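This briefing covers a disulfide, a nonpolar core and a helix pair. The structure comes first, followed by notes grouped by topic.

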Amino acid sequence: MKTLLMLASLVMLTACGSGGPPPPDWKSDAADLIERYQKHALLGENTLAERYFQQAITATGGAGRVTETARLWLVRCATRRAMLIDDACAGYADLAGIEPNAADQAYYHFLTLRWEAIDAGLLPSQHRDLVRAPADKRPGIVGRIDDPLARLLDASLLVMRQEANAATLALAAETASAQGWRRPLLTYLKLQERQAEARGDLTGQARLARRIQLVEQSLLPSSTETVRPDDTPPQGGQRGNER
């Protein structure tokens, strides 16, 4: 998840590993909490995901950090767009005008499909080739992206731009499956199922329907959203805000 986290954590974690003093609690807490948000959102565990996101917002907001809070909203938007949720990034946009940042704004335009307004050089490196390429070459570029979440995001944005093909859907589904990301996997399997139905592929349709059933069963409330040992809230300066 390093690509999407980069915008949020770049400023937060600059002191880590530098040999200097440790970062303040609000930085380390926010970085940890936004990663937990992404993990649970991609798993389809929405209650846990939103809990961690709100705690991350509390960490940066409690420090009065406008830019870092806006970046958390940007990461949330990117995560949701990677799951093919049509998020307009309004939370980021509401804060972005207060302390403008060119790289953040370029990423915002990338997420909201306004690619003609982007200086691609300001984007994270994984996304630059996609924006610069002609539309018919973009599906092939997605498969060359190493980071799974960046790959899934780019595939999803191509779907939203109506530039994706069957191979794009297959790649996105396989990426989500390999990582165990149930929420986007279910979405992409259903898209593939509709394609199989449209072309009269009964065998493929039946196979996809069985996979969809397995994922849906795993998302039942009785088997999700249980706090596991690794979900213990971070031990930092925001302990009083945890519930």
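**Disulfide, core and helix packing**

The count is 1 disulfide, a disulfide being a pair of cysteine sulfur atoms within 2.5 Å. The model is predicted: local features need pLDDT of at least 70 and side-chain atom pairs pLDDT 80 or more, whereas totals for chains, interfaces and linings use all residues. Residues are numbered from 1 along each chain as its sequence is written, and side-chain values use heavy atoms, without hydrogens and water.

**Disulfide**
- Cys 77 and Cys 89 are joined with an S to S distance of 1.8 Å.
- Cys 77 lies in helix H4 (residues 66–82) and Cys 89 in the loop between H4 and helix H5 (90–96), so the link ties together parts 12 residues apart in sequence; helices are DSSP runs of H or I with at least four residues, numbered from the N terminus.
- The link of Cys 77 and Cys 89 is left-handed, with -60° about the S-S bond.
- Cys 77 and Cys 89 are both buried (under 20% relative accessible area, 1.4 Å probe, protein chains only).

**Nonpolar core**
- The largest nonpolar core has 57 residues; such a core is a set of buried Ala, Val, Leu, Ile, Met, Phe, Trp, Tyr and Cys residues joined through side-chain atoms within 4.5 Å.
- H4 gives the largest share of this core, 7 residues.
- Leu 111, one of the residues with the most contacts inside the core, touches Cys 77 and Cys 89, among others (contact: heavy atoms within 4.5 Å).

**Helix pair**
- In H10, Leu 169 and Ala 173 are among the residues that meet a set in H11 including Leu 185 and Tyr 188.

Terms used: Helix = DSSP H or I, 4+ residues; strand = E, 2+ residues; numbered from the N terminus. Buried < 20%, exposed > 50% of the residue type's maximum accessible area, 1.4 Å probe, protein only. Lists of a residue's contacts leave out its neighbours within four places in sequence.
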